[in-house]
Each structure stands twice: as structure tokens, then as C-alpha cells.
Amino acid sequence: MDITELTVHELQEKLKNKELSSLDITKAYVDRMNEKEKDVQAFVTTLEEEALEQAKKIDEEINKGEATGEFAGIPIGIKDNICTKGVKTTCSSRMLENFVSPYDATVVEKLNNEKMINLGKLNMDEFAMGGSTEYSYFKKTRNPWNLNKVPGGSSGGSAAAVASGMVPWALGSDTGGSIRQPASFCGVVGLKPTYGLVSRYGLVAFASSLDQIGPITKDVYDSAMLLNIIAGHDERDTTSKEVEKVDYTKYLKDNVKGLKIGVPKEFFGEGINEEVKASLEKAIETYKELGAEVEEFSLDIAKYSLATYYIIACAEASSNLGRFDGIRYGYRAKDFKDLKDLYRKSRSEGFGPEVKRRIILGTYVLSSGYYDAYYKKAQQVRTLVMNEFNKAFQKYDVLLTPTSPTVAFDIGSKSNNPLEMYLADICTVSVNIGGLPGISIPCGLDKEGMPIGMQLIGNKFQEGTILNAAYTFEQKTKFRENYKPTFRKGEE
Amino acid sequence: MAREDYEVVIGLEVHAELATKTKIFCSCPTSFGAAPNTHICPICTAMPGTLPVLNEKVVEYAVRAGLATDCTISQDSKNDRKNYFYPDLPKAYQISQYDKPLCEHGKIEIDSSTGRKTIGITRIHIEEDAGKLNHDEFGRGSLVDLNRAGVPLIEIVSEPDLRSSEEVDLYLRKLKSILEYIEVSDCKMQEGSLRADVNVSIRKKGAKEYGTRTEMKNMNSFRSITRAIEYEIDRQVDVIDNGGVVEQETLRWDEVSGKTFSMRDKEDAQDYRYFPDPDLVAIKLSDEYIENIKKSLPELPESRKQRYLTEYHLSEKDANIITSSKYLSDLFEEASKICNNPKAVNNWIISDISRILNETEMEPVAIPFDSKQLAKLVMLIDKGTISSSIAKKVLVEMFEHPRDPEDIIDEKGWVQISDEGAIRDVVSKVLENNSQSVADYKAGKEKALGYLVGQAMKETRGKANPQMLNKMFKEELK
């Protein structure tokens with residue numbers, strides 16, 4: 001038995017019946033990390049020793065009957081923009097290269113309450129801005145299915161670590177697709193919850209009205225379990241909603257009979273890769289076979305989502321990132337002549353090009369004389385997008401789209417073409433604009449053996465519905481049982 | 001042209017720190033004077049990932065201020081971000097309110113030398129204070145103290161309705177007294193909990209267009225505000241009379257030189273890039289909420305003043321002075337109740353107490369004794385234990401080394417001599433030594449009696465009971 005190939009619900013079972021100890025599990029993951037990390041480069045910070053130490057302690061507690069948490073002793077990886085007390089939180093930026101948060105994010109407190117074990121902090125595009133994890137200041141994470149390809153982003157470290165078995169599951173964050181797109185590129189499951197379901201307290205803000213933390217897991221059941229842990233109102237985040245606590249695994253019925261699935265045709269139009277399209281069409285057939293009612297419809301407004309997204313996200317980012325000024329914490333330039341020079345140099349040297357690009361864009365769209373034409377207009381379009389989604393959900397339970405128009409691309413192929421990189425977000429951003437839940441699950445491989453992802457979108461707080469739809473598809477298609485990442489070096 | 005040919009137009013933006021126990025977006029204490037960076041947490045120091053949670057008391061206090069100044073309360077309001085970089089602003093944006101303030105369209109009445117006047121309140125909005133920069137004693141640069149960062153403020157913006165420094169002074173005093181009455185701010189100007197940005201412009205009398213205004217920021221004493229306005233009016237008249245144009249700019253008032261100086265130039269004109277704060281939800285207030293606050297408002301200065309005119313028969317002038325401060329007004333009412341002599345209490349407040357406050361630039365709230373002690377002072381005079389001239393000395397003592405007036409009198413041996421034998425001894429002695437005055441009195445010069453009493457007071461170092469002296473001299477000289 002290879003422990004690192006087990007899902008968390010399988011690990012949990014084996015922990016419960018004492019087949020495995022937390023130390024067995026943690027050690028297996030640490031060994032795997034030592035084997036694969038040099039190729040995959042998923043971590044910014046690894047915590048092998050701390051993790052093993054903690055596993056021993058938890059085993060003792062389990063033996064004494066003290067550790068009662070359902071997930072006590074299960075390891076996890078955390079995206080490096082989620083604050084962890086005492087462990088560096090870098091956002092993969094030079095700006096926060098040595099930053100240690102004085103507090104734990106709410107989601108991290110929740111993991112700690114479960115006595116889960118933090119294996120390390122995962123690489124990402126700097127401040128979550130990007131779709132390939134190439135914009136990390138520290139390293140380029142590689143796709144376990146082909147080490148010459150990107151893992152997607154911005155939660156590329158999280159997706160690659162789960163796909164390569166270096167962590168059993170991970171937390172990511174999603175502002176415009178940053179959980180779903182890397183999950184799709186790496187052949188794993190990624191869930192972006194409804195805006196307001198998971199507390200953002202302790203998530204270093206990129207775009208406050210769009211950011212959500214969510215699970216990246218090996219299978220749908222694990223996503224439901226991790227969502228159980230992290231969901232819930234937090235009085236420290238007033239944008240988090242008071243919703244009834246539910247057990248999302250209870251929704252996993254392996255049955256989609258009568259489920260109404262809408263397929264917005266705009267997501268299958270121009271720019272979509274033929275193999276991706278074919279794979280999605282096959283998935284639609286599968287759903288039909290499973291008894292779902294699938295119908296194509298038009299979500300015309302979607303074509304404005306990308307522009308709307310980049311205006312709102314950049315505007316909020318330009319303000320959110322103001323606090324990185326070299327005064328209280330983070331990078332400060334060595335030599336400066338006065339205060340302005342200190343700001344200018346610290347921020348010029350501390351931020352990478354993509355972050356600067358977005359700060360400049362955001363500053364521009366908020367500046368006087370342009371606000372109405374850009375930011376205000378974008379907010380109006382946002383309302384229209386929400387209205388269109390509301391209409392769609394009067395007819396359908398779930399919307400089905402590709403997660404990304406393409407599979408993972410070659411490292412370096414888009415990093416100098418920001419517009420092309422932005423276009424890769426076209427399928428995912430609408431979901432953030434609408435504040436909706438979306439999940440990406442693998443639905444096949446292309447000819448080169450790269451995973452293709454399918455996105456299922458639900459109405460607000462209907463995570464249960466999309467989880468069940470994803471679960472039923474997964475049970476039928478058994479992607480994980482059929483395909484494994486190859487860690488091949490590709491054709492160089 | 002002379003200054004008289006111009007009309008002065010002034011508008012104020014007053015910042016008042018709210019007297020909430022905790023900060024506006026976190027639970028750090030707001031108290032003044034703590035060691036630097038001890039009232040801070042991850043939220044008010046803008047650690048990455050932190051989020052603000054609006055303190056509901058701040059909304060309540062701002063609504064109180066709005067209702068007390070006849071504002072319309074907005075039931076749908078929000079917080080906006082005002083973006084700019086400065087080391088005392090940890091998030092690089094101030095959470096304020098831009099286009100949907102909590103309160104709008106209010107007014108305040110003032111009574112100036114030209115009569116009663118209404119000053120419009122454009123808006124009152126809530127926002128957070130910034131921290132403070134302290135210059136390092138060792139010359140290594142500036143140090144940031146974030147204790148004040150996130151202390152709640154209301155900004156009260158007036159219409160440009162003020163026409164003189166006198167009106168500004170009256171408006172500010174009235175506003176201050178209202179805020180004190182409704183207990184939303186302690187208005188301690190020395191601690192900066194009440195400060196004003198003053199916008200001044202001038203135009204030729206009869207002109208319709210406003211002149212270009214200059215702004216003097218963060219003024220926190222009545223005296224400097226008056227001086228600065230007077231200086232600025234003269235400066236602007238000078239500029240225009242010499243064919244120049246007034247530049248729109250921010251000025252710094254220098255107390256020592258008595259001049260204003262330009263702070264920034266136009267190239268630095270800030271674009272604050274206001275936008276709604278996505279971390280905070282809209283502020284929605286129900287009719288019931290507003291109604292409940294309205295019901296809880298205390299009696300305001302205007303109504304107290306009317307009551308003093310009828311209930312205590314104070315003069316209009318005295319009632320104005322006493323009600324100008326909630327503290328003075330409470331002192332007056334409480335002390336009057338205890339000693340049952342409102343006329344005497346009024347006199348003490350209007351004359352000696354006000355004089356000392358003026359001389360020492362002390363705020364009424366800083367008066368070191370309470371209403372009981374003031375009442376005791378009045379009662380000691382009424383009972384004849386001390387004379388009113390001794391009482392004046394006791395009052396000075398009460399300011400300088402606060403304690404009960406009885407204790408002061410005991411310690412100082414200031415008890416009035418009312419012993420008939422002792423008084424008679426003094427009278428005999430004075431009569432013996434002042435035969436000329438005795439003769440004058442007997443010749444019909446009434447004034448000579450006053451001189452003799454004065455001599456007796458001198459002899460007893462002010463402690464002799466003046467009524468008894470009077471009576472006894474008259475008897476002796478019959």
C-alpha cells in the first residue's frame with residue numbers, strides 16, 4: 001500500500017481502525033516530499049521536522065484517547081497567502097520573503113482545532129496574481145503530469161502538491177479561478193465556495209470582493225470533508241454569511257437523475273481547444289446517461305465578465321497592496337533619500353512585474369476622471385452578470401463548462417504575454433463575479449496525456465448540489481483510478 | 001481696498017474623536033496617553049490578511065451627533081476607502097465615508113453680536129483616525145506610534161456660512177457643547193480629540209462667486225483658530241490688493257510667529273481614489289433604531305438655557321456662558337441643588353471660575369473639584385464661616401491643590417473671626433489708631449467708615465466678619 005496514494009477519507013478510516021498511525025502517514029508524505037519536491041517545486045516552506053514531531057504527539061494523544069478530532073493527525077498543505085502564526089507567510093513575494101504572521105487565519109485555527117498537521121506552505125503566483133505560478137518570486141512549480149508544463153495558478157503549488165502525492169489535500173484561494181484552473185491542469189479536484197461561506201480573515205487580500213479560500217483534493221469526497229471544516233460564519237469577517245452548518249458529505253448521493261444541467265454555449269466558443277471541447281462533450285453524454293437533463297442555453301453577459309473581473313480585481317488589489325510600504329514589516333529598500341524614495345524603491349524592488357502591472361491598472365481605473373468609465377461601469381456589469389446567473393438558476397440546478405479553454409501550457413510560453421494569460425481565466429472569472437460556488441474535476445486527458453477539467457457551477461450556497469454532481473461523475477468515470485501523473489520531463 | 005470692502009467666507013471641517021471604549025474596527029482601547037504602540041493589534045497595524053469589523057457604537061454615536069444637529073439620518077450608508085500613503089496610515093487607506101455619509105443637511109444656531117444665525121451642517125460622517133509620527137530623540141528619524149490608528153472620528157462639515165472669526169468661535173463652542181452634552185466625545189482640544197480644518201476665502205462685498213479658499217489643517221485651540229483666521233484674512237486682502245491671486249493651498253499655522261505657511265504645492269494634489277470598502281457591508285439603519293436613539297438624547301444646551309432663564313432667572317448672558325459647557329452646566333445645577341443658592345453658584349462660575357479657566361486655558365471638564373465641593377464653598381460663606389474675600393482664596397487653592405474647602409480653611413487658619421470679643425478688640429484698636437477718620441465720620445463723611453472697616457480687615461488679614469465689623473463700628477461711633 002502506498003499511503004500517499006490514499007485519499008483523506010481512506011486515511012481517516014485507517015487511522016480510526018489503527019491500521020496506520022499519524023506518524024506512518026506523516027512520514028510517508030515527508031518521504032514523498034523528499035522524493036518529488038526537487039522535480040515539482042511546490043513548496044515555499046516545508047515543515048518536515050515539525051510535522052513529524054507533531055504526529056508523534058498526536059499519536060500519543062490518540063492512544064490516550066485525548067485527541068478526539070475527526071481529522072487529528074491528518075497532514076495538509078496550505079497556500080502561502082494564508083496566515084500561519086510562527087511560520088512564514090510569503091505570498092511568494094520578495095515583499096514578504098521573511099514575513100511571519102503574528103496570528104493564524106480563521107481557517108488555520110479550524111485546522112488546528114482538528115489537530116491537523118501542517119506539512120508546509122505552498123507556492124503560488126505572487127499575491128495570487130497569475131494563472132501559472134510562474135510569477136512566484138521564489139520558484140516555478142512544475143506540473144506533475146509533465147514537468148515542462150505549468151501547474152496553473154495561482155494555487156499551482158497546492159494543486160501540484162496534491163497531484164504528486166506530497167500532501168493528501170491542501171488549501172488554496174480563488175479570486176478568478178485560482179483554485180479551479182490549477183486543479184484542472186493538475187488533474188485534481190478544486191472547489192471555490194460561495195463568496196461568504198468561508199472566512200477570509202487571515203487570507204492576504206488580493207481582491208476582497210472576490211477572494212475565497214477552498215479545498216484542493218484528490219477526490220470529491222475529500223473536498224466535501226475539507227469544506228465541512230473550513231465553512232462557517234466568522235465574526236472577524238463581516239462579509240462571511242450566517243448559514244446553517246451542514247455536512248456536505250451527506251449530499252454525495254451518487255445520483256443525478258433529474259438534475260437539470262445548463263450548458264452555456266458561450267463557454268464553448270472561440271478560443272477553446274478542440275480536445276477540451278470534445279472531452280466536455282463526452283462528459284455531457286455521461287451525465288445524460290446518468291439520467292441528468294442537459295440543455296444548452298445562452299449566457300450572453302459572460303463575454304463581459306473577463307473585462308469586469310480585471311477592472312474590479314485590479315482596483316481592489318491596488319488598494320489592498322498599499323499596506324506593503326516598507327514601514328512596519330516586509331521588504332524595505334536599503335538606501336533611500338526620503339520617505340517617497342523609501343516607498344518607491346521598496347515597492348519597486350519588493351513587487352514583481354505582474355503585481356506592479358495590476359496595481360497600475362487598478363490605480364488607473366479608480367483615479368478621478370476614470371472611475372465612472374471603468375470601476376463604476378464594471379460594478380454595473382457585475383450586477384447584470386449576477387442577474388443573468390439568477391435567471392439561469394431558475395431553470396437549472398448546475399451549469400457545466402470547461403474549467404479552462406486549454407490544458408496546461410509550457411512553462412515560459414505565456415509569461416511574457418499578460419493578455420494571453422488573462423484570457424486563460426475566461427471560464428472561471430464569471431463565477432467569482434457572481435459570488436457563486438464552482439468546482440473543477442478531471443474529465444479526461446488530451447493526446448499528450450495532460451488532464452482536462454470540467455467546471456460545475458452552482459447557485460449561491462448550493463455547494464451540496466455541485467458536489468453531488470461532481471461525485472456522481474467521478475464515481476462513474478474513475479479518473480483517479482485510471483490515470484496517474486507521470487512526472488515525465490517532456491520533449492526538450 | 002480696505003478689509004471692510006471684503007466679505008469673509010469660512011467653512012469648517014471639525015474632527016471629533018468619539019468616546020467609545022474600543023477602536024472603530026478592532027477591540028483595542030481608545031484611551032489617550034498610553035506608551036507608544038501598546039494599544040495595537042494585527043488589525044489596526046494592518047497586518048496582511050486582517051479585516052475590519054465596524055464597531056456599532058460608532059454608528060450610534062454618529063447618529064446621536066446627527067440628530068443633535070438636526071441632520072437627516074441616512075438609512076443606507078457605507079464605508080469607503082480613501083487611499084494615500086503616509087507612515088501613520090498603516091493600510092495606506094483610511095476607511096471613511098465618501099458619497100453616502102451617515103448624516104446630512106443639519107444646522108446649528110449661534111448667537112453672535114449681530115444676532116441669531118443658522119449655520120448649515122453639510123454632513124457628518126464616520127472615519128478612523130491615523131497614528132502619530134514622533135521624532136526620535138536621538139535624531140535617527142521618525143517613529144510611528146499607532147495607538148491612535150483606528151480611533152473613531154466623526155467629521156462634521158459645515159456649509160460656508162461663517163463670516164468672521166467671531167462666528168467661527170461661537171460655532172465651534174456651540175458644536176463642542178452639543179457633542180459634550182450628548183456624550184459622544186470628550187472634546188479635549190489639547191489632546192487633539194476635537195480639531196478643525198478651517199477653509200477661508202474672501203470676496204468683494206456683493207460678489208456672487210466665492211473667492212479661492214485656503215485650508216488650515218488640524219487647529220486645536222480656540223485662540224489659534226481666531227488668530228489664524230484674522231491673519232489669513234489680512235494676508236488674502238493684501239494679496240488681492242496688490243494685484244495677486246490667492247492660491248488654493250493647504251497652510252500650516254505657526255503659533256509662535258503668528259503666521260501661516262504653505263504646506264504642499266499643487267503638484268502634490270492628491271487623488272484619493274475613493275471606492276466602497278469591499279471588506280465591509282452596507283450600514284442599514286431601521287426607523288426604529290433611529291427613533292430609539294432620538295428618544296435617548298439628553299436635554300441639549302439650547303433647551304437648558306431656556307430653562308435657566310425661567311427656572312433660575314439667570315441673565316441671557318450668564319445662561320449662555322454656563323450652558324456652553326455641559327460640565328459647567330452640570331456643575332451649576334448640581335451645586336445649586338446642594339447649597340440651594342443658585343445665584344451664588346452662578347456668580348462663582350461666571351466670575352472667578354471662568355476667569356481662572358481663561359487664564360490657565362483650562363477646559364471646564366478639567367476643573368479639579370466637583371459640584372459638592374463648590375456647593376460647600378458657597379455654604380461656608382452663607383453660614384459666615386468665611387468671608388467672600390477669603391472664599392476667593394479658597395477657590396484658587398481648590399484649583400491648585402484640590403481638596404475640600406473646609407480642609408483648606410482649617411489648614412490655612414482662614415476661619416472667619418466672628419467672636420464678638422475678638423472683633424471688639426480689633427475695632428477698639430483701629431479706632432484708637434485712626435482718630436482722624438473717626439473725626440471725619442462724625443463730621444458726616446460716611447466714606448470714613450469703609451476705611452475703618454478696611455483697616456480692621458487688614459489687621460485680621462481678611463478674616464474678620466465684615467458684617468459684624470460694620471455693625472460694631474457703627475455702634476462705637478454713635
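Okay, let's start with chain A, which has 16 helices and 11 strands. Its radius of gyration is 21 Å, close to the 23 Å that the globule rule gives for 492 residues, so chain A is as compact as a globular protein of that length. Keep in mind as we go that this is a predicted model.

If you draw a box along the principal axes, the C-alpha atoms of chain A fill roughly 65 × 55 × 50 Å. Of the 492 residues in that chain, 63% are buried. And the contacts? Take those between residues at least 6 apart in sequence: 76% of them join residues at least 24 apart.

Now the surface. Chain A exposes about 18,100 Å², and carbon and sulfur atoms supply 48% of that. As for charge, there are 63 positive and 69 negative side chains in chain A, with the centres of the two sets 4 Å apart.

Let's move on to some backbone details. Which residues does a cis peptide bond join? That would be G153(A) and S154(A), with omega at about 10 degrees. You'll find S154(A) in the loop between β3 (117-122) and α5 (156-163) of chain A.

Next, K18(A): it isn't a glycine, but its phi is positive, near 60 degrees. This lysine sits in the loop between α1 (8-16) and α2 (22-40) of chain A. Buried or exposed, then, for K18(A)? Exposed, with a relative accessible area of 54%.

Over in chain B, D70(B) also isn't a glycine and has a positive phi, about 60 degrees. Look for D70(B) in the loop between α1 (56-68) and β2 (72-73) of chain B. At 47% relative accessibility, D70(B) counts as partly exposed.

Note on methods. Residues are numbered from 1 along each chain as its sequence is written. Chains are lettered from A and ligands numbered from 1 in the order in which they are written. This is a predicted model: local features need pLDDT of at least 70, side-chain atom pairs count only at pLDDT 80 or more; totals for chains, interfaces and linings use all residues. Side-chain values use heavy atoms; hydrogens and water are left out. Helices (H or I, at least four residues) and strands (E, at least two) are DSSP runs, numbered from the N terminus. The radius of gyration is taken over C-alpha atoms; the globule rule is 2.2 Å times the number of residues to the power 0.38. Buried means under 20% relative accessible area, exposed over 50%, partly exposed in between (1.4 Å probe, protein chains only). Contact means heavy atoms within 4.5 Å. Accessible areas come from the Shrake-Rupley method with a 1.4 Å probe; for residues, only the protein chains shown count as cover. Lys and Arg count as positive and Asp and Glu as negative; His and the chain ends are not counted. The place of a charge is taken as NZ of Lys, CZ of Arg, CG of Asp or CD of Glu.
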